[in-house]
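The paragraphs below go through them in turn.

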Amino acid sequence: MDSIWKKDVKLPEFPELKEDKKTEVLIIGGGMTGVLCAYFLQERGVDYMLAEAEKICSGTTGSTTAKITAQHSLIYDKILKSRGLETAAMYLHANLDAVERFAELCAGVDCDFERKTSYVYSVDSLTKLEKEADALARIGFYSELTDRTELPFPVAGALAFNNQAQFNPLKFVASIASGLKIRENTRITEFLQTEKGENMAITDRGFRIKYKKAIFAAHFPINNKHGLYFLKLYQHRSYVMALKGAPKIHGMYVDENKKGLSFRGYEDMLLLGGGSHRTGKKGGDWQELRDFAGMYYPDSKEIACWATQDCMSLDGVPYIGVYSKNMPECFVASGYNKWGMTSSMVAAMLLADMVTERENPYAKVFDPSRGMIKPQLLVNGCEAVKNLLTPTAKRCPHMGCAIKWNVTEQTWDCPCHGSRFDKEGKVLDNPANGNLPVKGK
């Protein structure tokens with residue numbers, strides 16, 4: 001169940017850390033965010049090291065649909081109402097800047113970068129789209145409402161952002177990662193301070209990395225002691241199929257309904273996404289996509305399928321910035337809400353500025369210490385309490401929640417915070433930072 005990005009792409013390989021190390025900046029996590037942070041810090045001549053638990057881009061980056069867009073569903077009306085016009089405008093421009101930075105880095109690189117129009121559609125509510133268009137107009141951004149799409153079913157309307165993009169993310173990483181200071185198969189499991197006040201990370205093999213500053217780019221923040229990320233985040237799984245023989249899709253489409261479908265083309269394939277659910281819960285998964293394809297694309301052939309996992313924030317805006325008030329020399333990037341490519345670039349540009357003490361106008365938009373009192377906080381808390389009280393012998397090593405067997409993917413999943421393990425107990429997705437001893441089901 002590998003994604004199409006993992007076929008015929010050879011990423012550079014990096015050695016495992018086999019000695020104690022000292023560095024100015026430690027980057028934890030080798031997905032798109034971590035690699036971009038490393039790239040920008042190397043450009044600036046900063047001493048850094050990136051530690052990846054397995055192979056670079058072996059997690060969410062290798063399973064994305066790889067849309068590069070500032071159109072993150074119907075986010076702008078929401079931000080305008082909750083945080084005001086200035087913050088909504090800054091969120092937009094941060095992401096538009098990210099799209100253009102990708103375009104600059106992809107120029108001359110064989111990564112299938114293409115400019116595309118991005119659409120958010122609704123099958124039943126034109127009003128939602130009109131409110132979003134109005135919010136964007138107040139910000140000063142032109143978007144287009146239309147009732148004409150390439151989708152095989154009628155819609156109430158679609159809201160278009162022109163001049164967005166898509167690409168092959170692993171081809172891109174292969175082009176920029178060579179020569180970066182990366183250590184693969186180097187899992188960080190512990191953090192401490194020496195008697196001299198030095199920051200130190202410990203690997204699962206006992207090697208020590210002294211650092212002055214750290215960037216936590218490992219999808220879900222792995223330090224539970226500070227920041228309350230176990231309450232501020234939950235994880236969501238969604239599914240993708242690559243179809244051949246389906247009509248060509250020129251734009252990039254996503255339903256404004258979280259339970260809806262997404263569409264984009266790649267070469268002669270249609271990438272169909274959906275079936276989403278909170279990790280540890282039941283959802284439509286690939287069967288929902290296969291049923292849809294059988295109904296609307298009966299002549300198509302499934303050639304690949306894969307799943308991905310996304311961290312969801314309380315308010316739809318990522319957490320990018322200082323990890324917590326008690327960790328002022330540490331920085332975090334998480335909660336991308338299914339818009340990982342553009343958010344990765346926003347995070348890398350912002351954090352490269354923050355660790356080198358340069359001002360960035362967008363820092364306050366993504367501040368992880370912003371208010372937590374949101375309806376989703378209650379949902380997250382109730383889910384955690386319910387699973388902590390569930391009587392079962394199989395517990396997640398992250399915070400002790402009851403884990404559930406995922407029949408579709410043959411994995412053990414934690415509904416609290418989204419940790420996942422294979423049937424032998426090997427950790428697949430954090431925040432759990434170690435394996436799970438599992439015998440049978």
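**Cysteines and a neighbouring aspartate**

In this predicted model, cysteine 305 has a relative accessibility of 12%, and because buried means under 20%, cysteine 305 counts as buried. Cysteine 414, by contrast, takes part in no disulfide, and the nearest cysteine sulfur to its own, that of cysteine 396, lies 4.2 Å away, whereas a disulfide requires sulfur atoms within 2.5 Å. Cysteine 414 is also buried, with 1% relative accessibility.

The count of disulfides in the model comes to one, and the pair that forms it is cysteine 401 with cysteine 416, whose sulfur atoms are 2.2 Å apart. The link is left-handed, with -100° about the S-S bond. It joins distant parts of the chain, 15 residues apart: cysteine 401 sits in the loop between helix H10 (375-388) and strand S18 (404-406), while cysteine 416 sits in the loop between strand S19 (411-413) and strand S20 (420-422). Cysteine 401 is buried at 2% relative accessibility, and cysteine 416 is likewise buried at 2%.

Strand S19 also holds aspartate 413, which counts as buried because its relative accessibility is 2%. The side chain of aspartate 413 makes a polar contact of 2.9 Å with the side chain of asparagine 406, and another, of 3.3 Å, with the side chain of arginine 420. When neighbours within four places in sequence are left aside, the residues in contact with aspartate 413 include Thr279, Gly280, Ile403, Lys404 and Ser419, along with Asn406 and Arg420.

Terms used. Residues numbered from 1 in each chain as written. Predicted model: local features only at pLDDT ≥ 70, side-chain atom pairs only at ≥ 80, totals over all residues. Heavy atoms only, no water. Helix = DSSP H or I, 4+ residues; strand = E, 2+ residues; numbered from the N terminus. Buried < 20%, exposed > 50% of the residue type's maximum accessible area, 1.4 Å probe, protein only. Polar contact = N/O pair within 3.5 Å; in protein donor to acceptor, adjacent residues only side chain to side chain. Contact = heavy atoms within 4.5 Å.
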